[in-house]
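Morning, everyone. Please bring up the model and keep it on screen while I talk.

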Amino acid sequence: MPSLGGVCALVGEGLRPLFDCEIVWRGDRIVEIEANSNGRLQDVEHIVLPSFINAHTHIGDSLAKEAYIGLGLEEAVDPHKGLKTKIISTASKNDLVKAMRSVLEQCVSLGVTHLIDFREGGLEGLSLGREASQGLDIDLLLLGRLATPPSKGRILENQGFTDFELEELHKVCEKGNGLGISGANEYSDKMLTQIREIVRGQNKLLAVHCLESHETRGRLKGVLGRDEFQRCFNMLRPDVFVHMTDATPQEISYAFNMGVVVSCPRSNAALGNGFPPLTQILNGGGGLGTDNVMVNSPDMFREMEFAYKCLVGTTRKPFQRVEEVLKSATVNLRPRLGLKPIEVDAEADFMVLNVRELRPFWNLHSLVVNRAQRENIEQVVRKGRKLYEKPVCV
Ligand SMILES: [Zn+2]
């Protein structure tokens, strides 16, 4: 049976370190974890931690890397007129698939085994996403949407979807893992309710960008009477609220009563939307995502480090529980995907970091969050199979 010995494993939901530990797996399951009670922090050379779940991405805009520079949120990513939409709609399918595949390969070498992706382009967009991930052993959850978003006039008149659109949404939801809604402002009240009914009917995942900025909160309030959060919360009732940058503590707690919050702090900062309320999001057990590949590399190490420093910087207070940041990148969303943290009988999904050159260090969780990087990854294991192994230099 394959095994790892003499490692420090971060086990369970709390990522508790077990020093000088042996992990054994059979097939896709962990069958044994045994620790030497005399193990010490000072001797740690290898850390085994759950693989990353990148809980929010748009791999489709990987053809537009860095094109957002100098642009605001709407100019960059608006589904009707943003630069991203223009670049993607004029690209060849072949180039699009190649760019998405290269991002997915990068994700594997960065310790990401699961991605929750907002896939643009309707049914065709889904099949291009599937084509890009073919043969790669990565779990790519695709949340689709309509190929063409409804016009503003129809939203303001509170029209519902046409029969054609309803059929498309049903099919997109069925062929993908659910629906990923670009924002409540892009749909009428009636449409939001229809989206909810479709996803619930198929028992799939429903996610939405919500309160990404202060401006998106109030954009349609004057006309529709409710702000963006109220419309999401009352009509769409999603499982995943992405961003919540402008949310109050009360709204964060409402969102966690309904589902989960996924935060993308690097994207929020880069697009000029401020900094998310990370203390509340981490306290609630939220996830972390790298958002648009146009804006960010899909690197969860970078996202974690930024999140931690952002949290301390914006609250102007020390934050001792750095493991909460690591949990948001690794274990918090696992139950929603039917997965467990590192424990006996869980699927063998983990990565091994070689931290020998980073010694000496005083805080294990902080070492991973604030200092580890791709070059420290020795291997990535998914369902007991090695997905990635660091090339040996000769
Ligand atoms: Zn997004």
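A disulfide here is a pair of cysteine sulfur atoms within 2.5 Å. Keep in mind that this is a predicted model. With that cut-off, a search of the whole structure turns up zero disulfides. Take Cys 8, which is in no disulfide. Its nearest cysteine sulfur belongs to Cys 21, 7.7 Å away. Now go from the other end. For Cys 21, the closest cysteine sulfur is in Cys 8, and 7.7 Å is too far for a bond. Are these two buried or exposed? Cys 8 is buried, at a relative accessible area of 1%. Cys 21 is buried too, with a relative accessible area of 1%.

On to helix 6, residues 163–175. What span should its 13 residues give? At 1.5 Å a residue, 18 Å. The end C-alpha atoms are 18 Å apart, so the model agrees.

Which residues of helix 6 are buried? Glu 165, Glu 168, Leu 169, Val 172 and Cys 173. Look down the axis of helix 6: the buried residues fall within an arc of 130°, so they line one face. Turn to the face pointing away from that buried side. There, helix 6 carries exposed Asp 163, Phe 164, Glu 174 and Lys 175.

Notes:
Residues are numbered from 1 along each chain as its sequence is written. This is a predicted model: local features need pLDDT of at least 70, side-chain atom pairs count only at pLDDT 80 or more; totals for chains, interfaces and linings use all residues. Side-chain values use heavy atoms; hydrogens and water are left out. Helices (H or I, at least four residues) and strands (E, at least two) are DSSP runs, numbered from the N terminus. The expected span of a helix is 1.5 Å times one less than its number of residues. Buried means under 20% relative accessible area, exposed over 50%, partly exposed in between (1.4 Å probe, protein chains only). The arc is that of the directions from the helix axis to the C-beta atoms.
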